[in-house]
Amino acid sequence: MNRIRRFPPIIDRSQDELFMREALALAAEGALLGEVPVGAVLVHEGRVIGRGFNQPITGHDPSAHAEMQAIRAAALALGNYRLPETTLYVTLEPCSMCSGLLVHARVQRLVYGAREPRAGVVESRGQFFKQEFLNHRVTVEGGLLAEECGALLTEFFRARRSKS
């Protein structure tokens, strides 16, 4: 039997920093609302199709993480719950909920900034995307603008502690 082998599209890394800086700006926007400063953008063919920042507190929604917000917006924009050939840029290593979302949405690539030692499941607390049972593989690159992403979080929590 002759099988056609599909190759993933060539990944363009030339604009990674630009898109991560947009995610950082969104994270800062969330911080102004008192949300933990995490921002995310979803990109398809060099264009942002979804944006989001953490909103569980203001939205009274525990699932309103930055990744969730960006992917929901992108799915609505494209009119499809599958988002192949997309890259998600997020300022913080994703949790288990958001990592599962990337698999279900068929996101091709994840680029994240700072590691999340308590709840990050990409590297810090596990290797979620390397699990054999997954029916979709996400390419992962971590550490882009990690210092800036981490500094935003550190400053947010420092300010929060000094208020109490």
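**Pocket, annotated site, core and salt bridges**

The largest pocket comes out at about 450 Å³. A pocket here is an open set of points on a 1 Å grid over the protein atoms alone, with protein on both sides within 12 Å along at least five of seven lines, whereas a cavity is a set of points where a 1.4 Å probe fits but cannot get out. Grid points are joined across faces, edges and corners, and the volume is the space filled by probe spheres set on those points. The model is a predicted one, with local features needing pLDDT of at least 70 and side-chain atom pairs counting only at pLDDT 80 or more, while totals for chains, interfaces and linings use all residues. Residues are numbered from 1 along each chain as its sequence is written, and side-chain values use heavy atoms, with hydrogens and water left out.

As for what surrounds the pocket, 22 residues line it, and Val-36, Val-38, Leu-92, Glu-116 and Leu-153 sit nearest its centre; a lining residue has an atom within 4 Å of a point. H2, H3 and H5 each put at least two residues into that lining. Helices (H or I, at least four residues) and strands (E, at least two) are DSSP runs, numbered from the N terminus.

The UniProt record, an unreviewed entry, marks His-65, Cys-95 and Cys-98 as "binding site". These residues span 34 positions in sequence, yet no two of their C-alpha atoms are more than 9.4 Å apart, so they gather at one spot. His-65, Cys-95 and Cys-98 are also included in the lining of the largest pocket. UniProt positions follow the numbering used here, with feature names shortened, and annotations may be inferred rather than shown by experiment.

Looking at the annotated residues one by one, His-65 sits in the loop between helix H2 (56-59) and helix H3 (66-78). With 22% relative accessibility, His-65 is partly exposed; the cut-offs are under 20% relative accessible area for buried, over 50% for exposed and anything in between for partly exposed (1.4 Å probe, protein chains only). Leaving out residues up to four places away in sequence, His-65 touches Phe-53, Asn-54, Cys-95, Met-97 and Cys-98, a contact being heavy atoms within 4.5 Å. Cys-98 belongs to helix H4 (residues 96-105) and is buried at 0% relative accessibility. Its contacts, neighbours within four places in sequence aside, are His-65 and Glu-67.

Turning to the inside of the protein, the largest nonpolar core holds 41 residues, and Leu-42, Ile-71, Leu-88, Leu-102, Leu-110 and Phe-129 have the most contacts within it. Such a core is a set of buried Ala, Val, Leu, Ile, Met, Phe, Trp, Tyr and Cys residues joined through side-chain atoms within 4.5 Å. At least two core residues come from each of helix H1 (16-32), strand S1 (39-44), strand S2 (47-53), H3, strand S3 (86-92), H4, strand S4 (109-114) and helix H5 (146-163). In soluble globular proteins, nonpolar side chains tend to be buried together. Phe-129 has contacts that include Ser-99, Leu-102, Val-103, Leu-110 and Val-122, not counting residues up to four places away in sequence.

A search of the whole structure turns up 8 salt bridges, each a side-chain nitrogen of Lys or Arg within 4 Å of a carboxyl oxygen of Asp or Glu. In one of them, the side chains of Arg-13 and Glu-141 meet at 2.9 Å, N to O. Arg-13 is in the segment before H1 and Glu-141 in strand S5 (residues 139-142), so this pair ties together parts 128 residues apart in sequence. Arg-13 is partly exposed, at 46% relative accessible area. Glu-141 also pairs with Arg-109, with the closest N and O atoms 3.0 Å apart. That link runs from strand S5 to strand S4, 32 residues apart, and Arg-109 is buried at 1% relative accessibility.

Over in helix H5, Glu-155 and Arg-158 lie 3 residues apart, about one turn of the helix, and form a salt bridge with the closest N and O atoms 3.3 Å apart. Glu-155 is partly exposed at 43%, and so is Arg-158 at 46%. Elsewhere, salt bridges with shared partners join Arg-13, Asp-16, Arg-109 and Glu-141 into one network.
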